[in-house]
Structures are given as structure tokens and as C-alpha cells.
Amino acid sequence: MMRWDREDTELVQRERLQGASAAEWEVTEEDREGRHAVHHCHPFFSVLRDHAAGLIVAGTIGIASEHLAASAAVALSPLLYATAIGIAVGNVIRIFDPQMNIYSPLASGLAFAKRRLLRAGIILYGAKLTFAKILDIGWAGLFIDLYVVSTTLFFGFALGRMLGLTESLTALISTGSAFCGCSAVAATQPIINGESHEVAAAVGVVVLCGTAAMFLYPFLFTAVPSLTADPRLMGIYTGSTVHELAGVVAAGNSMGGGVASTAVVTKLLRIFMLEPWIFALYYFGIGQDKDAVLVAGSGKAGKGVPWFAFGFLAVAAFNSLWGIPGWLQKVLMSLSAGFLSSAMAALGLETDLVKVRSLGSKPLVLGLALWVYLLGAGFVVSACLVRIFPA
């Protein structure tokens, strides 16, 4: 209120100096009343008014990606479709409008989707987990997930730096490979502030490797005698090394119920381990440019407390202690998927393929190297741990 009164006083003083007419004074009073009305508008309607156009566009692409993922013959993450559609639409527009002036009315809504909806989607993702499910995996599953996550991250950052990739791109690809593909990339982006074209490159790489794994693992199950003879080993191996949860479900079901159940639980534990990594990215400034690590000279890493990570843990804890009803869990997971898809659509719309191409083949080299490492080392360590810790 005080701010508007100060602005009105300054406006009156300027018009007095300029010799404003009586009619102009009347218009000024009306303008002042209108501004007061806008100022007193409810925050919800203010947000809706400012962000509606961008949210409608991102939400429409998100819904379309959900339908495509549900109807496609190959089980791929809807986040992939959302990113791909967003990239396609955005870059077609760039052909006719290089300055992207058409985006002006959408800018605030797309920014809201990239940040707020993304965080909300990650928080609600916690409804998929319970601590009891994680404990059912046993020591073999726990140790293989710890091994895979820690060594993949170490190897990924070491190789990414050798290849000369930016810290943010290295973090995105390494995190997507170590944890859960597109979802991990989406969760990491707001912490390290990765560029849109870097996110697109990371999503493309992890999806390529994850999709190939969905077809390769069922073949290995029939071709490798030690895997064929031990569904528990195959399930732990699949859950600890395949990128996407959807890929684990698809590959596991094609190998039988025994493999699928063990694979999904192993994968859920791997997803749960993403949260400590999110905190590490924030508190230690991992994956961020050196200039971005210090905030206004405060000496603290990151760009604000990652409250969405605490929210994720809170939802998972609530589900573990009291249980979320099945119908509500479906609603929450649908909202999570929709929010994440809309956020990735917004990122895709802002992705310039020229910048993606400028990254060259190095992101693909990093992603493929990590996948080969998961295939080889993951199998050897899984086999050893299953023998050490039998069911």
C-alpha cells in the first residue's frame, strides 16, 4: 500500500510541474484506483493471470506426452516425449521467428512450469516409495545399489572432465545414468541451473542407453546361463543398472514375475538414493560453475535450500508410517507425472538445437561409456554379492 501511495505522489508532482489539465487529473485518479484494485487482487488469481498462457502450452504438451507414453508399443518415459515435443515445436518456431518474440506472453508461465511444477512433481514422486519395500531388498541389493551409484558418479565426473564437458552437463548425464534417467536429470537441473540445451542432451543420451537396455536385458536373461538359472540375480542386476523405472518394469515383466518384483524394488532403492545426492549437489556446489557456487559472497554453496528434496522425503516417510490409500496414491502419481511432463515440455520449448549440436559427440561418448560400465561392472558385482548374501 505504501509503495503505491509513494508512486501516486511522485506522479502527482510530475504532472503539477508539467501543468496537467483537470481532465488529465481525472484520468490519473482512475488509473490510481485501477492500480489499487490490481494490487489487492488475490495472489492465486494474480499468478493465474500472469502464468496462464505458458502453463496451458506446457500442460497441453505434458498431457499429450502422457497419452503417447501410454499408447506406445515400447515403454518409454513420458518425460522423453514431453521433451521431444517441446524441442520440435520450439525449433520449428525458431525457423520463422528467430528472436522468439512469440514467446513473450508465455515466458512467465514456462518459467513457473520449469521451477515450481518440477519441484512439486518431485515431491509427489515420494508417494511411490516406502521404507519397508526398500528394506525387503536385502544386503545384496543394498550394496549393489551403493556400488553402482557411487562408482558411476565418480567415473562419470572423471570422464566428463577429461572430455572437457561443462560441470553442469557432466552432472546431468552422470546423475541420469547413476539413478533413474530422465527423472534424475529433471531433479538435478534446478540445483545446478543447467542450460536447456544441456538438459536436452542429457535426456537424449540417457534415454538412448535406457531404451537399448530394455531390449538387451531380456536377451541376456536367455543367453547367459548364470542369469537364466537365478531370477533373483537377474532382478538385482536389472534394477541396479537400467536407467529408467519404466525400463526396469518393461524389461522385468518380459523376464517373469520373479525377476520383475526384485528388479523394481532394487530400482526404488536406487531412486531413493537420489535424495542424498541432491543435498550433496546443493551443499557442496557439485556440478555448478565456480562462479555460481558462492551466493552474494555468503560463502555457502548452492542457490537456496532444496526444500523439494525435504518434501520428497516427507511424503515417502508419511507413506511408510501411515500408508497412502491406493486411490490417493494413483492421484498423486498422476499429478507427479503431469507436473514433471509439463516441466520438461517447458524446458524443451526453450531448447535450441543449434546449441545442442554445438556440444558435439562428447555427451554421447560419456553416456555410452557409463552404460558399458553399468553393463559390465554391474553384472560382475551383482553376481558376487548374490553369492555372498544369498536369499
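Author: A residue is called buried when its relative accessible area is under 20%, exposed when over 50%, and partly exposed in between, with a 1.4 Å probe and protein chains only. By that rule Trp 322 is exposed, because its relative accessible area is 64%, and Phe 318, at 41%, is partly exposed.

Reader: What should I know about the model before reading on?

Author: This is a predicted model, in which local features need pLDDT of at least 70 and side-chain atom pairs count only at pLDDT 80 or more, while totals for chains, interfaces and linings use all residues. Residues are numbered from 1 along each chain as its sequence is written, and side-chain values use heavy atoms, with hydrogens and water left out.

Reader: How many aromatic pairs are there, by what rule?

Author: Rings of Phe, Tyr and Trp (its six-membered ring) pair if their centres lie within 6.5 Å, and planes under 30 degrees apart count as stacked, over 60 as edge-to-face and the rest as tilted. The count by this rule is 10 aromatic pairs. The pair of Phe 131 and Phe 272 is edge-to-face, because the ring centres are 5.6 Å apart and the planes stand at 85°. For Phe 318 and Trp 322 the centres are 5.3 Å apart and the planes at 45°, so that pair is tilted. Ring pairs also link Trp 139, Phe 143 and Phe 389 into a cluster.

Reader: Which residues does Trp 277 touch?

Author: Taking contact as heavy atoms within 4.5 Å, and leaving out residues up to four places away in sequence, Trp 277 touches Leu 153, Phe 157, Thr 175, Phe 179 and Ile 286.
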